[in-house]
Amino acid sequence: MELSQRISTILGTGSDGWDVFYRARQMIKDGTPVTELTIGEHDIRTAAPILRDMHASALGGHTGYAMVPGTTALRETIAARVQERTGVPTTAANVMVTPGGQSALFAAHTCLCDPGDVALYLDPFYATYPGTIRGASAIPRAIQTRAEDAFQPRAADIAAQAKGAKTLLINSPNNPTGTVYSRSTLDGIAKVCLDHDLWLISDEVYDTQIWEGTHISPRALPGMAERTLVVGSMSKSHAMTGSRCGWIVAPEHVIEATINLSTHTTYGVPGFIQDAAVFAMDQGPAFEEEIAAPFRRRRALAKQVLAEQNTVGLVPAQGAMYLMLDVRATGLSGEGFANALLDAHHIAVMPGESFGAAAAGHVRVAMTIEDTQFSDALRTLCAFAQSLET
Ligand code: PMP
């Protein structure tokens, strides 16, 4: 008995560069302490007042089926926040609540792509992107960005691959590179979408983690609101990764389609989680800044450590909870360097290659451990790179 082609091929083929991650996990299991700089999750947990609100909501009876598109209160709160941040008129009818941004990415591609349609995405990419596209029965086509451009995509590179494609998926602030797309990058992307009649799926789950520059939502650019689906989430902005609460913001007729999909897949998000999300958002931007502050601090520490040497290069790190480090001066691939660092110093980082070919010769460092330990680990990484320099 065979499984579907769709699920059998969801992972794709070839080395995925995740060996170092699994090796680190195994070392920890075997009792070797490892400094883990691999996973994009805060080192704090969801704040107690949010959990208390969740608890009160559940005890208050909000444990039945919630409305499939999301509670009116949460949809209105998200719409108001998006409108305030972008200036684009947005109502509850433009919002569907999803179990996390990941589910929103899948819903967006499923609602926009027919089987066999080409869905574009940019390399380096968040690990699930090609599998999400394949899961929606579309064909992922990667467009490489370049280290020499600090991974800002070039419109001409996208245009060259756009013929016949249906969608383009972008992510700024970017995981894994930490790049925040500039106004001119986004203007270029918008022009390609308009010229080639592409839907734009804009993954903005890191929109509260900006260290340099400004976050611009491409939905706010001229002519883009009717062809853009924005993916958002409580995971990163409010340290609520486990609550599984995200959303899609899109034109009303697209939201109606995503609601039909949701009725037949997730059937919505628990009401007590949605109530807690409203409570969390009502805490305002100061709370969001508090959640982002440790990464802002560690990024500043990293800049100091990296300024002390010339072997390891830092991709500007304008946003998100990661640093992308250029280790090409060691003569090793990102994978080779990450494996050697794990063996020599028990420090685990992600090889750039696990995020696509464009990040070869780089490693991604998650800024998710305590400050002193973090800068010590970076110092060790730099010294190790220097010892290997060719
Ligand atoms: N997009 C990006 C770029 C991510 O890094 C992540 C999580 N690491 C997600 C989407 C999904 O996040 P969630 O499902 O927790 O909202």
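The crossing between helices α2 and α13 is right-handed. That's our way into this structure, which is a predicted model. To find the pair yourself, look for α2 at residues 19-29 and α13 at residues 334-345. Their axes come within 10 Å and cross at roughly 15°. Angles under 35 degrees count as roughly parallel, and α2 and α13 are therefore roughly parallel to each other.

Let's move on to another pair. Helix α12 covers residues 284-307, and helix α14 covers residues 371-388. Here the axes come within 10 Å and cross at roughly 30°. That makes α12 roughly parallel to α14. As for handedness, α12 passes α14 in a right-handed crossing.

Now try α3, which is residues 48-59, and α11, which is residues 271-282. How far apart are the axes of these two helices, and at what angle do they pack? The axes are 8 Å apart, and the angle is about 140°. To count as roughly antiparallel, an angle has to be over 145 degrees, so α3 and α11 are oblique to each other. The way α3 passes α11 is a right-handed crossing.

Time to visit the ligand. There are 14 residues around the ligand, and the ones that come nearest are G101, D203, Y206, S233 and S235. What kinds of residue make up this shell? By class, there are seven polar, four nonpolar and three charged residues. Which helix gives the largest share of the shell? That would be α5, with three residues. You'll find α5 at 100-112, and α9, at 234-237, also supplies at least two residues of the shell.

At G101, a backbone N or O atom lies 2.7 Å from an oxygen atom of the ligand. At Q102, a polar backbone atom is 2.9 Å from a ligand oxygen atom. With R244, look at the side chain instead: one of its polar atoms lies 2.7 Å from an oxygen atom of the ligand. And how much of the ligand does the protein bury? Taken alone, the ligand exposes 400 Å², and the protein buries 92% of that.

Before you go, take a look at the backbone in a few loops. Start with the loop between β3 (118-123) and α6 (129-135), where P124 lies. The peptide bond from D123 to P124 is cis, and its omega is near 5°. Last stop: the loop between β5 (165-171) and α8 (183-196), which is the place of P173. Is the peptide bond from S172 to P173 cis or trans? It's cis, with omega near -10°.

How values were computed. Residues numbered from 1 in each chain as written. Predicted model: local features only at pLDDT ≥ 70, side-chain atom pairs only at ≥ 80, totals over all residues. Heavy atoms only, no water. Near = heavy atom within 4 Å. Polar contact = N/O pair within 3.5 Å; in protein donor to acceptor, adjacent residues only side chain to side chain. Areas by Shrake-Rupley, 256 points an atom, 1.4 Å probe, with all protein chains shown as cover. Helix = DSSP H or I, 4+ residues; strand = E, 2+ residues; numbered from the N terminus. Nonpolar A, V, L, I, M, F, W, Y, C, P; charged D, E, K, R; others polar. Axes fitted to C-alpha atoms, helices over the stretch in contact; angles between N-to-C directions. Parallel < 35°, antiparallel > 145°, perpendicular 65-115°, else oblique. Left-handed = near helix turned anticlockwise from the far one by under 90°.
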